[in-house]
Structures are given as structure tokens and as C-alpha cells.
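Colleague: Could you take me through one part of this model in some detail? I would like to see which surroundings belong to which residue.

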Amino acid sequence: MSSVIISGDTSGAITVSAPLVAGTNTLTLQAATATNSVNTLATAVASTSGTSIDFTSLPNWIKRITVMFQGTSLSATADYIVQIGSGSLSTSGYQSWGTFQGSSNVVGNRNSTAGFIAPASTAAYISYGTMTLILVSNNTWISSACLGINNNSGTGFSSTAGGVSPALAGALDRLRITTTSTDTFDLGSVNILYEG
């Protein structure tokens with residue numbers, strides 16, 4: 001047999017049961033129209049203007065999100081923050097801390113209650129890396145970020161951060177990448193990968 005195709009209705013569930021060996025083993029598949037609903041790469045968005053980038057209408061089965069910074073830069077000295085929400089964005093109540101360290105061992109500390117922070121160092125520096133968000137329980141999420149930052153002339157920083165969100169009103173359905181100030185994006189792109 002080269003393939004197995006199982007078609008279901010528009011509601012309900014499909015259950016595939018393994019042979020009985022000391023009990024019942026059940027695999028429940030997620031409902032989706034994608035080829036692989038539990039590991040989905042969104043469409044990259046240019047981060048060359050504006051103060052925020054939104055990903056909306058996210059499915060309610062998400063348990064893990066990876067935010068990717070691909071050569072992003074800001075117009076001034078703000079840091080990146082990521083906000084999440086259910087129905088609307090949560091813009092307060094986060095506990096998030098980060099540090100950055102340079103080639104000359106210069107260390108800076110940053111924090112935010114407005115979102116998950118990822119320190120960006122200073123203007124004209126370019127960031128590459130990821131922030132991972134994981135659902136803990138009761139619609140509360142934690143973050144872990146790691147960025148490499150450079151100015152294309154031999155000076156660079158590394159940035160790490162972590163934090164926890166307020167409990168959302170329901171399942172996460174949106175995410176915003178923005179900044180701690182009014183700085184604008186001026187280079188690169190961002191994207192997300194989400195998993196069930």
C-alpha cells in the first residue's frame with residue numbers, strides 16, 4: 001500500500017486506534033486544510049517601514065510559535081517586543097527581561113511590561129535570530145529569545161531574553177512584532193512558524 005487517505009466531515013474528529021496492547025492507544029488529528037497543520041510557516045513580511053507587523057487569524061490549536069528576525073533593523077535605539085492576544089492584543093502585564101553583550105564586554109539590561117522583549121542594542125544595527133513562545137497553561141505563554149546583532153563593520157552584540165505573558169482571555173489568535181518606542185522598522189523581514 002503506497003498511501004492511505006482518510007476523509008472526514010467538516011466537524012467532529014477522526015480517530016485512528018492502534019491494536020489493543022495493554023489498553024487503547026488513540027491518535028487525534030488536528031482539523032486543518034493545510035498539508036501539515038501542526039507545523040506551519042507563515043508568509044514572511046518585509047520589516048522596512050512602519051512601527052508594527054501583525055500576524056492575525058491564527059488557529060486556536062497553536063502551542064508553540066517561533067518568531068524569526070531576518071536582518072531586521074530599527075530607526076533609533078528602541079528594542080523589539082512581541083505582543084500576543086485573543087480577540088485583541090495584550091499590551092500590558094508582561095514580565096520580560098533581556099540583556100545584550102558586545103565584543104568589548106559591554107553589557108546592557110532591558111525589561112518590558114508591554115510585551116516579550118528582545119534587546120536590539122542601538123540604531124543601524126542588524127538583528128538575526130529567533131524568539132520562541134510556548135503555551136504553559138491557562139492561556140499563559142513564556143518566551144525565550146536569542147539574537148545576533150551587528151553593524152556590518154566588525155562590531156557586534158549578542159542578545160538574550162525571556163519572560164511570561166498575562167493570561168489571555170482565550171486561545172491565542174494574533175501576534176504583533178513592534179518596538180518599545182515609536183521607532184520604525186527600516187530593514188529586513190520577519191516571519192513566524194507555528195506548531196500544534
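Modeller: Happy to; here is a walk around Arg64, with a stop at Ile134 and then a visit to Gln83. This is a predicted model, where local features need pLDDT of at least 70, side-chain atom pairs count only at pLDDT 80 or more, and totals for chains, interfaces and linings use all residues. Residues are numbered from 1 along each chain as its sequence is written, and side-chain values use heavy atoms, with hydrogens and water left out.

Arg64 belongs to strand 6 (residues 64-74); strands are DSSP runs of E, at least two residues, numbered from the N terminus. With a relative accessible area of 34%, Arg64 is partly exposed, a class between buried (under 20%) and exposed (over 50%), using a 1.4 Å probe and protein chains only. Beyond its neighbours within four places in sequence, Arg64 is in contact with residues including Thr132, Ile134, Trp141 and Glu195, contact being heavy atoms within 4.5 Å. The C-alpha atom of Arg64 is also 6.7 Å from that of Gly196, 132 residues apart along the chain.

Ile134, one of those contacts, sits in strand 11 (residues 126-137) and is partly exposed at 33%.

Gln83, by comparison, lies in strand 7 (residues 80-85) and counts as buried, at 7% relative accessibility. A polar atom of the Gln83 side chain is 2.9 Å from the backbone oxygen of Ala114. Leaving aside neighbours within four places in sequence, Gln83 is in contact with Ala114 and with others, among them Tyr94, Arg174 and Thr178.

Definitions and conventions
Helix = DSSP H or I, 4+ residues; strand = E, 2+ residues; numbered from the N terminus. Polar contact = N/O pair within 3.5 Å; in protein donor to acceptor, adjacent residues only side chain to side chain.
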